[in-house]
Every structure is written in C-alpha cells, then in structure tokens.
Amino acid sequence: MKTEHLSLSDLTNIYRIMLLSRKFEEKIVELFHSGKTRCFTPHLGIGEEAVSVGAFYGLSKQDLISPHYRGATAAWLVRKLPATELMCIYLGKKSTGLANTMAVQWTTNMTLNVIGMASSILGGGIEIAVGAALGAKLGKTGQVVVNSFGDGTTNRGNFHEALNLAAVFRLPIVFVCQNNQWAMNMRVAKAVTVGKISKRAVAYGFPGITVDGNDVLAVHQTVQEAVQRARDGLGPTLVEAVTYRMSPHSERDPDQYRAEAERRKWRRKCPILRLEATLKAKGMPQEELLNIQQNAADEIAKAVDEALSRPDLTPEDRLQQWSAIYREIYI
Amino acid sequence: MREITYAEAIREALRQEMQRDPHVFLMGEDIGVYGGAFGVTLGLLEEFGPERVRDTPISEGVIAGAAAGAALTGMRPVAEIMFMDFTTLAMEQLVNQAAKTRYMFGGKAKVPMVLRTPAGSGTGAAAQHSQSLEAWFVHVPGLKVVMPSTPYDAKGLLISAIRDDNPVIFVEQKLLYRTKGPVPEEPYTVPLSVAEVKRAGRDVTIIATGVMVVRSLAAAAKLAQEGIEVEVVDPRTLKPYDAETITKSVIKTGRVLIVHEAYKTCGFGAEIAAMISEGPAFMYLNAPIRRLAGLDIPIPYNRTLEYHAVPQEENIITAVRELMAYK
C-alpha cells in the first residue's frame with residue numbers, strides 16, 4: 001500500500017470511516033433479520049468500503065458526489081452525516097436531516113453536495129451526474145463530480161450515452177466503477193467480454209484505469225489524480241475498482257449461487273484488515289487500533305440507541321409527512 | 001401589434017430568457033448551425049456561442065438525464081428532442097428521474113428543466129415521426145405538460161416554463177410552426193395551468209389542444225353561420241390542468257366535444273371527459289360527452305390516409321351538429 005500522499009491523521013480518519021460503515025451495516029443486518037427495520041430490504045456494501053471511502057474522501061466540500069447505492073452508507077459518513085440520521089431511515093423513525101420516506105441511497109442533500117441515486121433503475125444516476133458536471137462547467141463553479149456505480153450498470157445503454165457525452169463536452173467528472181464481480185446472480189465475466197471494465201473508456205478516448213478496489217489508498221490516489229485531471233479541464237476518467245461483494249445482493253437474497261470458497265478467499269482480502277496492517281507497519285500501536293475500533297462500535301451503538309429513542313412515524317405523522325411530501329411533487 | 005410565427009415566438013422566448021438569465025442554456029441534436037430540425041433555434045448559436053447552445057450526439061436519454069442533472073445544480077436547461085416520437089428514448093430519465101427527484105429527495109432538490117419537442121402529424125413523416133404522446137407525460141406526477149396553440153401563447157408559456165422550478169414537457173406543434181399571430185416584442189409570461197376561452201359561445205363547449213384549437217376555431221366560425229355558437233376552450237397546460245375554466249364552460253353550454261390529435265384510447269380527452277363526469281358540470285349535460293381524436297392506428301405514410309387518421313375541420317363540424325341534435 002502506497003501511503004506517501006496521506007498524513008497519518010488522514011489514514012486514521014479513513015480507517016475510522018471504513019469501520020463506522022462496516023459496523024453500521026453489520027448492525028443493519030442484525031436489525032433487519034430481527035424484524036426491527038421498516039424498510040424493504042437493505043443492499044449493503046460490506047467488504048466494499050474501500051471503494052466509496054477511497055473515492056469520496058479528500059474531495060473539496062463543494063465537489064459533488066453521487067454514490068452507488070451499494071456504498072451509500074460510507075459516502076454519507078465521508079460527508080459527515082451523523083449515523084443516527086441514516087439509522088432513523090432504516091428504523092422508520094423521525095429523522096431531521098434527510099427525507100424520511102425514502103431509502104438511504106435515494107436521498108439527496110444538496111447542502112452536503114450529495115446527489116443520491118437519482119434512479120433505482122440503474123444507469124440513470126450516471127446521466128444525472130453528467131448533467132451535474134455540465135452544470136458545474138457552465139456555471140464555472142470549479143466543482144468536480146465523482147460518480148460511482150456497479151459493474152452491472154456498465155451494460156446499460158445510458159452508461160454509453162453518459163460517458164460519451166461527458167467525453168465530447170470534456171466534463172469535470174470521475175466515473176468510479178465499483179466492480180464487485182456480481183450483479184445480483186450474474187457473474188461479471190458472463191456479462192462483460194472485455195475483461196477489464198476500464199477498457200470501455202477506450203471507446204470515449206479518456207483514460208480507463210483498473211485499481212485494486214480493496215486497497216483504499218490505491219483507490220484514493222487514483223481517484224484523486226483523476227479529480228485533478230478533471231479540475232484542470234482535461235475531462236473524465238473511468239476508474240474501475242475491483243472488489244468483491246461480501247454481502248448478498250440484498251438481505252432477502254439467499255445467496256446460493258456462489259461458492260463458499262470464493263467468499264472465504266475474499267474475506268481474507270478484507271480492505272479494513274489491509275489498512276489495519278498498513279497502520280501497524282507505520283507504527284500505530286495495537287492499543288490505538290483497538291481504541292479506534294471500540295470508538296466506532298460505540299458510535300454506532302449510540303446511533304442505534306438514539307434512533308430507537310426517536311419517535312416512530314405515527315399514522316398522523318405519516319399523514320402529515322405524506323401531505324408535506326405530496327406538496328413536494330411540484331414547487 | 002407585430003405578427004410573427006409560432007417558431008419565431010419560441011425562438012424569441014429562448015433568446016430573451018437566455019439574455020435575462022445566464023443559467024439558461026440549450027442542449028439537443030442539431031440545434032446549433034442547423035437550428036434544430038424545424039429551424040426553431042436558428043441564429044442562437046451565433047448569438048450565444050457553443051457553450052450555451054450545445055449540440056449533442058444522438059443520445060436522447062442523456063440529453064434528458066443530463067438536463068435533469070444540470071437543473072439539480074441550479075442551471076435552467078432547455079433540452080430539445082427532435083421529434084416527440086424520440087422522447088420514448090428518454091422516458092426513463094423523464095419519468096423515473098426528473099419527475100421524481102424532488103419527491104424522492106424530500107423537497108431538498110429542484111429540477112427546473114424544460115424539454116421542448118415537436119409533435120403531430122400532417123407532414124408525411126409517418127408512424128415514427130408524427131406522434132402526439134403528450135398523454136404519456138400527463139400521466140406522471142411531477143411533470144408539467146404544456147401545449148400552446150398560438151404564437152402568443154407559445155412565447156408566454158415557454159417563458160413561464162423556463163422560469164418554473166419543475167420539469168416541464170413543452171409540446172410544440174409542427175403544423176403550427178409557420179402560423180402567424182400577434183406577439184409583443186417584450187418578454188411576458190402566460191401562466192401555467194390556466195386555460196383560455198379562445199372563442200365564447202353558448203351552445204357547445206369544445207375543449208381542444210394544439211393544432212386542434214386552430215381547427216376548432218375555423219369550425220366554430222362556419223358553425224356560427226348556421227346559428228350554432230361554439231365556445232372553444234384551450235387548456236394550454238395539460239398537467240396540472242385548469243378544471244375550473246372547463247367546468248364553468250360546460251355548465252354554461254351543456255354540450256361537450258373534446259378534440260385532440262393524439263390517439264383516442266387513454267388520450268388526454270379521456271381524462272377531461274372523466275373529470276367532467278365526476279364533477280359539478282355533469283348535471284348540466286344535455287348530451288353525451290363526445291371525443292374526437294386520432295384513430296388508434298400508427299400514423300400512415302400515405303398522405304390521404306394520414307389526413308383521415310386525425311380530426312379535421314369537417315369532422316369537428318359534423319360532431320358539433322350531432323351534439324346539437326340532442327335537445
């Protein structure tokens with residue numbers, strides 16, 4: 001792991017956010033399967049934290065991020081949204097900072113410069129992100145957009161239209177393909193014939209780079225270089241971060257189409273353990289690591305407690321919420 | 001007042017809004033040097049440059065999607081889709097994204113975009129370049145749908161649409177592009193969701209959209225010579241539409257003819273007929289509600305067949321006479 005470009009405090013912070021995301025999502029698994037959540041089914045990114053955190057960490061606050069649904073937890077945490085707010089959505093509690101009625105990955109907060117997944121019909125979000133980059137370019141705001149999506153999404157027609165338009169307009173955008181090797185039950189090799197998804201950038205005449213998606217520092221450095229390129233007016237880059245989907249597609253997916261050996265192999269490549277090894281090698285004492293781990297666990301436990309102590313959305317609230325949100329169909 | 005064409009009125013609205021607000025920009029296929037397939041944007045590239053008059057690749061999906069994304073960041077894009085038939089390639093972006101963004105994001109975002117698109121038959125362009133698909137969009141909460149019938153309305157409604165903070169589908173009529181009418185030179189707005197009585201009358205209410213307003217007015221002039229006084233109501237905005245003006249007119253006349261070019265089944269007229277039937281005007285009806293609409297067929301290439309595929313002036317006259325037979 002190359003670490004020269006980051007200070008120890010950045011490394012520690014990255015480690016902390018990855019842990020928070022992991023512990024948050026592990027808690028969601030527990031709450032979902034014990035029937036405590038009020039949502040359809042969580043789509044979690046356990047084991048893929050290095051991609052979101054690596055891609056979205058270290059941008060300017062003004063830069064727009066548009067995260068893939070799998071990894072939205074980490075993206076929100078990078079943008080410092082309190083875990084309690086995210087937890088409220090899963091638990092059907094009153095939150096203050098986000099839309100109460102929508103899933104975590106869909107919600108948007110333009111004050112945090114986070115564009116949620118604009119469409120749960122995959123691929124649409126890439127076009128929205130391209131439009132945001134066009135807005136940034138036309139408005140001369142200096143913003144860069146970092147947009148992530150899965151490997152499966154790159155087979156959609158709108159991936160092509162969006163990347164081509166971004167290329168011909170030389171837009172300030174970085175596309176991050178979070179290749180976790182599985183699109184629901186479809187293995188990436190059965191859906192993509194070119195081997196590396198980054199090769200698809202050839203079609204648009206901008207760089208395509210494949211990076212180890214479980215190496216958070218490699219993801220971070222590659223994305224940062226692409227961001228600089230975008231900021232310098234040199235146009236888009238496609239970064240393919242190869243990782244592995246440790247979670248099932250969703251918590252309702254029995255996940256019986258993959259060999260346990262494959263999962264076992266990737267479990268050993270856990271991005272958090274890898275960063276931990278790097279931190280140790282840089283001389284971080286074991287007790288400090290344990291301390292960070294304990295703090296992350298405490299923070300998530302507190303978020304759960306706080307969320308649980310918030311009032312439920314009662315039928316009246318739902319009604320109010322509904323009428324309030326109903327007005328939000330039009331301005 | 002000076003008279004200009006419907007196309008010129010649209011171009012003037014675009015020009016004046018681009019002069020007024022630097023956030024307004026245009027995006028679409030061949031809208032630059034070519035001026036758009038129907039010449040509506042001619043001259044704007046020269047005036048505003050290629051940054052604000054952006055030719056795009058043939059990519060309707062991302063034209064609509066990127067317009068929504070740019071709107072999210074505070075721009076006011078006006079996208080052009082060359083033929084309304086091609087909006088089918090952008091339905092995902094319009095229906096699932098632009099329309100739902102504000103709702104799904106709990107009011108924390110807005111999508112002030114306009115999508116202009118020419119609709120309608122009568123040019124011999126056949127089944128895939130002649131459709132009137134406005135009802136598809138009217139069906140979707142979160143979208144507004146505007147359909148002007150005169151140069152005056154075209155300019156005023158487009159300015160309102162650009163200034164509106166919601167996604168607006170602006171349906172232009174190919175056959176109206178060259179029609180002329182009085183249009184003030186200065187910028188002005190025609191409010192969205194307000195219908196207009198284009199001709200007052202006591203006997204029959206015609207609710208017509210787009211080019212059918214023109215045909216209905218021509219029919220009304222002929223019917224007046226027979227002593228039948230037709231009132232022509234143009235909703236102008238189809239979503240959200242002005243039920244009140246329509247209801248008031250129906251209560252006055254007691255007879256209703258709805259005329260549109262789009263396919264009859266589940267067309268906009270079905271909604272208007274249902275609204276009248278459910279509302280206070282129902283008790284005032286002296287005759288069944290009548291719809292005249294496009295036949296439920298693909299628009300034929302053959303010009304004679306094409307002519308008969310959609311309502312014409314003589315069909316409107318006949319339908320009104322039939323309604324008058326109810327006493």
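Reader: Which residues does S149(B) touch, leaving aside those up to four places away in sequence?

Author: In this predicted model, S149(B) touches Y6(B), L176(B), K198(B), G210(B), V213(B), V214(B) and D234(B), once residues up to four places away in sequence are left out. S149(B) itself sits in the loop that runs between β6 (144–146) and α7 (151–163) of chain B.

Reader: Why is S149(B) called buried?

Author: The relative accessibility of S149(B) is 2%, and a residue counts as buried when that value is under 20%, so S149(B) is placed in the buried class.

Reader: What makes the pairing of S149(B) with D234(B) a polar contact?

Author: Their side chains are joined at 2.7 Å, and the cut-off for a pair of N or O atoms is within 3.5 Å, so the distance meets the limit and the pair is listed as a polar contact.

Reader: How do you know that E12(B) and R2(B) form a salt bridge?

Author: The side chains of E12(B) and R2(B) meet at 2.6 Å, N to O, and because the rule asks for a side-chain nitrogen of Lys or Arg within 4 Å of a carboxyl oxygen of Asp or Glu, the pair qualifies. This pair links distant parts of the chain, with E12(B) in helix α1 (residues 6–20) and R2(B) in the segment before β1 (3–5), ten residues apart. In general, side chains of opposite charge can pair when their charged atoms come close.

Reader: Which residue is joined to E12(B) by a salt bridge of 2.7 Å, N to O?

Author: That residue is K155(B), whose side chain meets the side chain of E12(B) at this distance. The two belong to distant parts of the chain, K155(B) to helix α7 and E12(B) to helix α1, and they are 143 residues apart. Both K155(B) and E12(B) are buried.

Reader: What makes D164(B) and K144(B) a salt bridge, and where do they lie?

Author: The closest N and O atoms of D164(B) and K144(B) are 3.0 Å apart, and the cut-off is within 4 Å, so the pair passes the test. D164(B) lies in the loop between α7 and β7 (168–173), while K144(B) is in strand β6, so the pair ties together parts that are 20 residues apart in sequence.

Reader: What makes up the contact between the two chains?

Author: Chain B contributes 41 residues and chain A contributes 39 residues. Together they bury about 3,400 Å², with 67% of this on carbon and sulfur atoms. Y103(B), M104(B) and F105(B) supply 21% of the area that chain B buries against chain A, more than any other three residues.

Reader: Which parts of chain B each supply at least two residues of the side that touches chain A?

Author: They are β2 (24–28), β3 (53–55), α3 (60–72), α4 (91–98) and α5 (101–104) of chain B. Of these, α3(B) gives the most, with nine residues. The residues on this side of chain B divide into 17 nonpolar, 13 polar and eleven charged.

Reader: Why is chain B called as compact as a globular protein of its length?

Author: Chain B contains twelve helices and 14 strands. Its radius of gyration is 19 Å, close to the 20 Å that the globule rule gives for 327 residues, so chain B is as compact as a globular protein of that length. Buried residues make up 65% of the 327 residues in chain B.

Definitions and conventions:
Residues are numbered from 1 along each chain as its sequence is written. Chains are lettered from A and ligands numbered from 1 in the order in which they are written. This is a predicted model: local features need pLDDT of at least 70, side-chain atom pairs count only at pLDDT 80 or more; totals for chains, interfaces and linings use all residues. Side-chain values use heavy atoms; hydrogens and water are left out. Contact means heavy atoms within 4.5 Å. Buried area is the accessible area (1.4 Å probe) that two parts lose on being put together, summed over both. Helices (H or I, at least four residues) and strands (E, at least two) are DSSP runs, numbered from the N terminus. Ala, Val, Leu, Ile, Met, Phe, Trp, Tyr, Cys and Pro count as nonpolar, Asp, Glu, Lys and Arg as charged, and the others, Gly among them, as polar. The radius of gyration is taken over C-alpha atoms; the globule rule is 2.2 Å times the number of residues to the power 0.38. Buried means under 20% relative accessible area, exposed over 50%, partly exposed in between (1.4 Å probe, protein chains only). A polar contact is a pair of N or O atoms within 3.5 Å; within protein, one must be able to donate a hydrogen and the other to accept it, and residues adjacent in sequence count only if both atoms are side-chain atoms.
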